[in-house]
Amino acid sequence: MSARNALEIEVLPDDPEINLDEVVEKIKQKLPDYARLESYRKEPFVYGMYKLRILVTVPEKEGIADEIEKIISEIEGVSAEVVSISRI
């Protein structure tokens, strides 16, 4: 079995009206077959807003973190940033 990486990603809403539960469902739908949403949680962000911190596992492959970040950032109303990568 090939090595896998865990990507910790912050998903930031552009607007306080963004429904983060809907964003999680869209992330699940958009992730490629090789990527799996392992967990997520809402965290306080700014001015009463919340952000998502998600954990996605992917195969160990160059450029894959940028690819996943781009896929999530394409969801309307949010931006995404990989904050850590760990080998598992």
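Before I turn to the structure, one definition: a residue is called buried when its relative accessible area is under 20%, exposed when that area is over 50%, and partly exposed in between, using a 1.4 Å probe and protein chains only. What we have here is a predicted model, in which local features need pLDDT of at least 70 and side-chain atom pairs count only at pLDDT 80 or more, while totals for chains, interfaces and linings use all residues. Residues are numbered from 1 along each chain as its sequence is written, and side-chain values use heavy atoms, with hydrogens and water left out.

Let me begin with the sheet. Four strands form an open sheet in the order E2-E3-E1-E4, with antiparallel pairing; helices (H or I, at least four residues) and strands (E, at least two) are DSSP runs numbered from the N terminus, and two strands count as paired if DSSP finds at least two bridges between them. At the edges lie strand E2, residues 36-44, and strand E4, residues 78-87, each of which pairs on one side only. From one strand to the next the twist averages 20 degrees, where axes are lines fitted to C-alpha atoms, for helices over the stretch in contact, and angles run from 0 to 180 degrees between N-to-C directions.

Strand E1, residues 4-13, is joined to E4 over nine antiparallel bridges, and within that pairing Val11 has Ala80 of E4 as its bridge partner. Helix H1, residues 20-30, packs on the sheet and touches E1, E2, strand E3 (50-59) and E4, its direction making about 15 degrees with that of E3; contact here means heavy atoms within 4.5 Å. Helix H2, residues 64-73, also packs on the sheet, touching E1, E3 and E4, and its direction makes about 155 degrees with that of E4.

Which residues of H2 are buried? They are Ile64, Ala65, Ile68, Ile71 and Ile72, and because they cover an arc of only 125 degrees around the axis, they sit on the same side of H2; the arc is that of the directions from the helix axis to the C-beta atoms. Among the elements covering these buried residues are E1, H1, E3 and E4, whereas the face of H2 turned away from its buried side carries the exposed residues Asp66 and Lys70.

E2 and E3 run antiparallel and are joined by eight bridges, with Leu52 in E3 as the bridge partner of Lys42. Their hairpin has five residues between the strands, and there Tyr47 takes a positive phi near 50 degrees, although Tyr47 is a residue other than glycine. Tyr47 counts as exposed because its relative accessibility is 85%.
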